[in-house]
Structure formats: structure tokens, C-alpha cells
Amino acid sequence: MDNNNNNIAVGLDIGTTKIVAIVGQRNEHGKLVILGMGRAKSLGVHRGVVNNITQTIDSIKKAISEAEKAANYKITDVTVGIAGQHIRSLQHSDYISRPNFEDVIDDTDIEKLKEQVHKLVMLPGEEIIHVLPQEYKVDSQSEIIEPRGFHGSRLEANFHVVVGQISLIRNIARCVKEAGLNLVGITLEPLASSDAVLSQEEKEAGVALIDVGGGTTDIAVFKDNIIRHTAVIPFGGNVITDDIKSGCSIIERQAEILKVKYGSAWPSENKEIEVISIPGLHGREPKEITVKKLSQIIHARVEEIISLAYLELKNYGCEEQKKKLIAGIVMTGGGSKLKHLRQLTEYTTGMDVRIGYCNEHLAGGQPEELASPEYATAIGLLMTGLNNLELKKNKIQQETKNIKKPEVSSDIPTENSSTTTLNIEQKTLKEEKKKNKEKKKSIFASFQEKFIKYINDTE
């Protein structure tokens, strides 16, 4: 195993109920080797949004410290996820005109088109987080997935644009910075979770990821290997706990234990005679509640969350034949561990449902706990961090190669010397373009560096 620091990344999931830091690297087979993990209770985040800077910083420090001890590695750089009810998405089409249609379309044209989308006027306080290209159109030819190499005078594309409140995102950046860390990557949490639990076959066939977290339920829809729709529902596992707390007149800690240990989303599975005894406070008489009543409380809230998620899928158009999600729904996040949640989701939506685990990307011999759905976002953020490291490494290698200019072995100037130099330069340019075409980029890598620099600028 290569322990070079340049090959190690850290995913930091700042959630509503917990903050998780995972340190890892890839082995020679491309699988994740987790070097260490740290976890702390999240005290300053509500529904994915930081509402107490000091408490959030303390929680981040605890999680990071625990991860550092487990990995025996000093953490400086982290990749962070963002979510929250302030996130929204929209569809947008844009185009650019090219001066010379005989030149093939390359990365420069695509970046120019993306930059144009970033200039869209948003609502006050909002900032574009992701510009996710879907299909391209070159002149009259439509439904092009990869436009590089095409000839044309007009390049057009449909984009999925994710937008968020910049002040709320900068609060996350500030917490990370105050915790003594560098924010080197940022991504939408459902996109990170999708990397961890979805297969390429599912993304191609059509699949909806529903990440049930503590404060929010995040949704991402894929079809033909393209992100089609994203949404954030401001309800998660904490709302279910609150319902149990008020419905049974007990404290939050007891309600959480009841949900995890005895909770079920399907009341008919429980019998009336099954009773749970809850210890009373300060010598008071214990309270009793039937398992069936507990399930009824949980069922009412879970059904609401599933219905809102299904409404988002309908807004995408999942009932249309062309947009049908053949692979159905994949549920992940800590809330997906609720008993009978899969069956209720299948009953409500009429779609195939499975629970998403991260074991596909983990190397053998890793702790079984890491494959749990509750760590899907953190694992996905780690994968994003490693991908960005690889992109950065490839970029440096490419720049190093470009510095070396081709040598022309000619001591005596001739008539053809200028022509020979020109041919060599053209050949070098073609080789560079070819390599650029083969280079795979993350869906927002080109914008990420600029965006991170902006949100880190707190002055």
C-alpha cells in the first residue's frame, strides 16, 4: 500500500445528527481502503443548515481528531458535502456560436458554454453550485452525449443547474476553516451518495436515489448515465423522532431508542399485545406503549416523506415511458435502516426498491460497519476527494509535458525550416487535444476551484 500523502483524501459529512470524517485511499485495484474514521454528534446543524457556528466547529474537531488517531494521519484537506432546504434545481438550455465550424469542438468550447450558464441571474443571495450537462446539440444534430470531436458552428446543451444560498454555504466553509482545515472540494450530498451506492447499469437504466438523513431527505434521479433531477425535502429521521416524542410524551433520547430498536414503518406487522415499558423520570411511574401504536406514529410521518419524494419523481416525469426509471428506487442514509421502510416505499410508489450499501467500492477486509447506508454520503465525499486528487495530478503531469518544447535539429537555416517548426507545433497541438478528449472530468471540476475560492473568501 502506497502511503504517499498525495494519494490520501478525506470526506467530511456535516449532517444534522452526526458529523463523520473518513480518511482513505485507493488500492491497486481501484477499491477504497479506509485508513480511519471519526464520528461526533452534530449539535449545531438543523435540517442540513448550520445554525450554531461554535457547536458545529467543536463537532467537526471531535470527528477529525478521532479520524486522525484511527488513521495515524494528520488531516489538513477535506471534501465537504452540502444539502439543506435552501437547495433548489432548475433546467436551462444555452448555446454558443463558433467562429469556425471546420475546427472540431473541444474542451475550450464546452467550458465556454458552461461559463455562460454560470452568468445566469439568480435570486438575491443565491449562487450556482453545479452546472450539470445533459444532452448536447451541434447544429441540427441533437441528443449528443459527447460533443468533443464534432464539427459545427453552433453548440447547444441542456443543463441541470443546482442553486443554493451562498451565505449558508459560506457558513459551512467558515466552520471548516475555523476547525483548522482546508476546504478543497465541495459537492451536493445526493450526488456524493449516488457515487457510493449506485451502479453504472442502474444510472443507465434509470434510477432514483432517496437519501433519508437526519434532517433532510435528498433525491437524485439518473437516466442514460445523466443526472436528470435533484431535490431536497426538509424532513428526515429527526421529524420521526419528534413525532414519537410528542405522541408518547417522552424525552428525545427515549424516542430515538424506541425508533431504532422497536420502530417499524408497517403497523399491520405488529400485534396489539406487544407492549414496551418506558422508564419514568425521577422516580415517576414507567409509561407503556404498544409496538403497534409506535408503528402507527412512525408510519404516518414516513408515508408523508415517501409521498413528497414520489411527487419529485413525478415532477421529473417518471410516469412517462421515455423517462421511466427501470431500476426503480435505491434508498440510503441512516433513515433507510428503519424496519419495513422498503416494503412501504414499494407499496406507495409501485416501483422496485432496494437499500443502498457502499460495499461495492470498498476493498476486502474493511469493517462491515462502513458499508452501512448511514455512511454513504461520507464514502461518496471520499471518492470525490480522490477523483479530484487524480484530476489535479493529471493536470500537473500535462502541464509538465507542455513545458518541454520539441527540438528541431537544424544548425543551418533552410527554406523549409519555418514550415517544419509549424508542422511540429501543429502535431503537438493535435496530440494535446487528443489527450484532452480522452481525459475524464468530474461533472463540475472546472468550476469547483473557482467556487471554493469564492466561499472561502470571508472578508
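**Rings, charges and cores in a predicted model**

Guide: In this predicted model, R154 lies over the face of Y95, at 3.7 Å from the ring centre.

Visitor: Which ring has the charged end of R301 over it?

Guide: That ring belongs to F235, and the charged end of R301 sits 5.6 Å from the ring's centre.

Visitor: How is a pair of aromatic rings described?

Guide: Such a pair is described by two quantities, the distance of the centres and the angle of the planes. Here, a search of the whole structure finds one aromatic pair, formed by W266 and Y347, with 5.6 Å from centre to centre and 90 degrees between the planes, an arrangement that is edge-to-face.

Visitor: Which parts of the chain does the pair tie together?

Guide: W266 lies in the loop between α7 (252–262) and β15 (275–278), while Y347 lies in helix α9 (residues 341–349), so the pair ties together parts that are 81 residues apart in sequence.

Visitor: Which residues have the most contacts inside the largest nonpolar core?

Guide: They are L12 and I379, in a core that has 64 residues. Leaving aside residues up to four places away in sequence, L12 touches a set of residues including I19, V20, I60, I64, V176, L181 and L381. Apart from this core lies another, of 40 residues, among them A231, V291, Y310 and C318.

Note on methods
Residues numbered from 1 in each chain as written. Predicted model: local features only at pLDDT ≥ 70, side-chain atom pairs only at ≥ 80, totals over all residues. Heavy atoms only, no water. Phe/Tyr/Trp six-rings, centres within 6.5 Å; stacked < 30°, edge-to-face > 60°. Helix = DSSP H or I, 4+ residues; strand = E, 2+ residues; numbered from the N terminus. Lys NZ or Arg CZ within 6 Å of the ring centre and 35° of its normal. Core = buried A, V, L, I, M, F, W, Y, C linked by side-chain atoms within 4.5 Å. Buried < 20%, exposed > 50% of the residue type's maximum accessible area, 1.4 Å probe, protein only. Contact = heavy atoms within 4.5 Å.
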